[in-house]
There are 2 protein chains.
Amino acid sequence: MKIVIVGATGTIGKEVSRSFDNEHEVIRVGSKSGDIQADIQSPESIERLFDQIQEFDALICTAGNGHFGPLSNMTDREFRKGINSKLLGQVNLLLIGQHYVNPNGSFTLTSGIVWEEPILNAANLSAVNGAINSFAIAAAIELKNNARINVVCPSICENSPEMFDLFPGYEKVTTDRIVNGYRKSVLGPFTGKIIRIY
Amino acid sequence: MKIVIVGATGTIGKEVSRSFDNEHEVIRVGSKSGDIQADIQSPESIERLFDQIQEFDALICTAGNGHFGPLSNMTDREFRKGINSKLLGQVNLLLIGQHYVNPNGSFTLTSGIVWEEPILNAANLSAVNGAINSFAIAAAIELKNNARINVVCPSICENSPEMFDLFPGYEKVTTDRIVNGYRKSVLGPFTGKIIRIY
């Protein structure tokens, strides 16, 4: 399979890429490194990305971020950070990528546990993650040619100790378990599924 | 109580307004009619709205729309319709309104059933509704002075026959049941709740 991994040079993206590397053709996409560079906040950049890649069998996105900070002084401008990056970045990878994906291909996006188990200062990311999950459920019933879409929705990873204090009492999950979520989506038969890693 | 109803001249907003009118001071906000006009897509317009209203006890939003159309040719521009209107409109009513709400006051936003039970052509609204639900869950743990936030999440209303064909097999719900969702949120003690009307 030809597998496009957007965010392939990030903590999780690196491991996901490695797990597919032996048996598949992996195209690593990063904002500044990787095989191809793309800015997922720009629909034009995503168009150019697929122009270069052309057809593919699976797309995984582990890229995108949001605003982290207290609700009490959050602004429209700050809230749009997650909207433009993690939400619209991933939505546009699907909206544009659907015209390039091979029959029976798949899209695997990334959300996160705070969509239903909020932490302080993450209202923007809660909203963005909730949107991604619901978008995937809806997109799954409309994709053509048996293309599929799922979302990997992880809790805090054991490899991110700098974030442990923000998630008090949350069970840390292993990188392997998160990587397996992406493998399950790409290699399995199902669609419209929120793959909770927690 | 001083209750601000944004979208008060819409189908549901009108009934919600009427249900509170006898016992409370209701301020009707519409895009073109009502006691005060505001464009929820503009943070500046929302600022001006609260400048006029000043302190209040409850805010209900039944306004906001999104893009309806097939996923197969959906564009970034179309997808942003729901983001800028139903999602950011309601988010900004909370972000700005939190500085004007009285202690123990409340916010009640509106999402919809397609966040978890998708229909064709509504991927944009699914995403937007999912975002609103998760935003409310997260905002509930950060609001100051015992202010509360809930979301009324209705199915198709019996008063919208023009939409029945889009929701095949979905149970229609009565206007009264939906209105009661808003009353439960405003008059009840809870916060961070998705009040499913289905």
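In the predicted model described here, Lys2(B) stands opposite Glu25(B) in strand 2 of chain B. Residues are numbered from 1 along each chain as its sequence is written, and chains are lettered from A in the order in which they are written. Because the model is predicted, local features need pLDDT of at least 70, side-chain atom pairs count only at pLDDT 80 or more, and totals for chains, interfaces and linings use all residues, while side-chain values use heavy atoms, without hydrogens and water.

Strand 1 (residues 2–6) and strand 2 (residues 25–30) of chain B run parallel and are joined by five bridges; helices (H or I, at least four residues) and strands (E, at least two) are DSSP runs numbered from the N terminus. In chain B, an open sheet of seven strands shows parallel pairing and the order 3-2-1-4-5-6-7, where two strands pair if DSSP finds at least two bridges between them. Strand 3 (36–37) and strand 7 (193–197) of chain B are the edge strands, each pairing on one side only.

Helix 3 of chain B lies across strand 1, strand 4 (56–61), strand 5 (101–110) and strand 6 (148–154) of chain B, at about 180 degrees to strand 5 of chain B. Angles run from 0 to 180 degrees between N-to-C directions, and axes are lines fitted to C-alpha atoms, for helices over the stretch in contact. Helix 5 (residues 175–187) of chain B also packs on the sheet, touching strands including strand 7 of chain B; contact means heavy atoms within 4.5 Å.

Chain A can be laid on chain B with an RMSD of 0.0 Å by a turn of 180 degrees and a shift of 0.0 Å along the axis. The two copies are thus related as by a two-fold rotation axis. Superposition was by least squares on the C-alpha atoms of residues with pLDDT of at least 70 in both copies. The copies meet through the same surface, since 100% of the interface residues of chain A are also interface residues in chain B.

Between the chains, the axes of helix 3 (residues 76–97) of chain A and helix 3 (residues 76–97) of chain B come within 11 Å and cross at roughly 155 degrees. Helix 3 of chain A is therefore roughly antiparallel to helix 3 of chain B, a term for angles over 145 degrees. Residues making this contact include Phe79(A) and Leu87(A) of chain A and Phe79(B) and Leu87(B) of chain B.

Helix 4 (residues 123–140) of chain A and helix 4 (residues 123–139) of chain B pack at about 145 degrees, with their axes 7 Å apart.

Conventions
Parallel < 35°, antiparallel > 145°, perpendicular 65-115°, else oblique.
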